[in-house]
Amino acid sequence: MTKNIQASRSQNCNGCELCVLETQRQAGKIGLEEALIRILKDFRMNSNKPTFSVDIDPRIESQNVEKIKNICPKDVFDIS
Amino acid sequence: MLNTKVQKVLEIDLQQKTSNTKSYDNLNKYIGGTGLGLKLMEIYKDANPIIFGVGPLNGFFPFASKTSIVVNSRNRVEDIYIGGSLSLRIRFAGINAIVICGKSPTAKIINIFNEDVKLEKSPTETKELGLPGKRSVLEFNELNLVADRYFESPEEILEKSFIEKNVAGLVITGTKNFTLKNMAEYQKLYEYILNKSGILNTVASNKPACSNCPLGCEQSKTGEIGGNILLHSLVACGYAENIYSDIGTLFSCLNILGYDYTHEDLQNLPNLVEKTLQNLNRTGN
């Protein structure tokens, strides 16, 4: 049965991109192009540090989502 | 595939408004980062360049997350290091170093997309440049140059160089993917190194993290200046010295990527750097 991964706590994301690189390695590549997760920085001015949002492509269901969840150091993801 | 036989250098001439990518097949002994940057400073010294460089591990292994910058500041060659996502974007643009030469007649933002360069008028909203999720932005926040709106450059050295050259910022987008012959072994080695975060000379915090580093340590905001030449040629974070000074780990990383460096190559690096610095000093930078 396929599993879904959601960024339930994206406010915790520290922008390390380990999840992005993990999805890419699972697809046999190293880089950012066509990654199934994108980490977007919020470029609001007058903030003393950036915040991040997490974009997930639904095709990620075909990957080992447990590994993606577990590589996150900030416990951003939930699996259902 | 990763080309481990050449150092690909993106030259940007602000005066002529031109750019060009050169592949050097005789600079591999300088490894990358600071070693390569100092040699490029010698080659391009008449153009008073700013040189951004990555090392062979950047983009591929955890904690190799910083970008080396070599500049001539007040007749002294300085090597500084900044964090954030910049090193991965340079790696995934498919280049090893960026050499910025000359002075722009008017203030410009350098907008790099892989090997293509545009000089954008300043001010331009940097969020309009490059691709979201694949770009890094280095821009002024009042008097300080800041990468990704958080990571600072130390001691205002880079700020002075940018102002001298009439450069208001730099945006780089990298969209290239790499494959390795043995992805399964690479994955194992990646996880082995990632699990070594406990031996770093820093600890995790709730700050923004550099790309490919889970920690987001208290020190990530501040750049580095000077230090271990091999580490900074790789270009690993200074706080990861305990990992990448282990010669077995280092050779495992280099070999899986396809580099054929020997122990002698790594041992010779400090001598090569010393000789390059002597040449630079002899010629008055």
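Pick B:Val71 to start: across from this residue, in β5(B), sits B:Glu78. Now widen the selection to strand β4 (residues 67–73) and strand β5 (residues 76–82) of chain B, which run antiparallel to one another and pair over seven bridges. (Strands count as paired if DSSP finds at least two bridges between them; strands are DSSP E runs of at least two residues and helices H or I runs of at least four, numbered from the N terminus.)

Next, grab helix α3 (residues 157–164) of chain B, which packs on the sheet and touches β3 (50–53), β4 and β5 of chain B. Its direction makes about 65° with that of β4(B). Contact here means C-beta atoms, placed from the backbone, within 7 Å; axes are lines fitted to C-alpha atoms, for helices over the stretch in contact, with angles from 0 to 180 degrees between N-to-C directions.

A word on the model: it is predicted, with local features needing pLDDT of at least 70 and side-chain atom pairs 80 or more, while totals for chains, interfaces and linings use all residues. Residues are numbered from 1 along each chain as its sequence is written, and chains are lettered from A and ligands numbered from 1 in the order written.

Now show the whole sheet: seven strands of chain B, open and mixed, ordered β2-β1-β6-β3-β4-β5-β13. β2 (18–24) and β13 (224–225) of chain B are at the edges with a single partner strand each, so one side of each has no neighbour in the sheet.

Last stop: helix α1 (residues 33–43) of chain B, where nine of 11 residues are buried, including B:Leu36 and B:Met41.

Key:
A residue is buried if 20 or more other C-beta atoms lie within 10 Å of its own, exposed if 12 or fewer, and partly exposed in between; C-beta atoms are placed from the backbone. Two residues are in contact if their C-beta atoms, placed from the backbone, lie within 7 Å.
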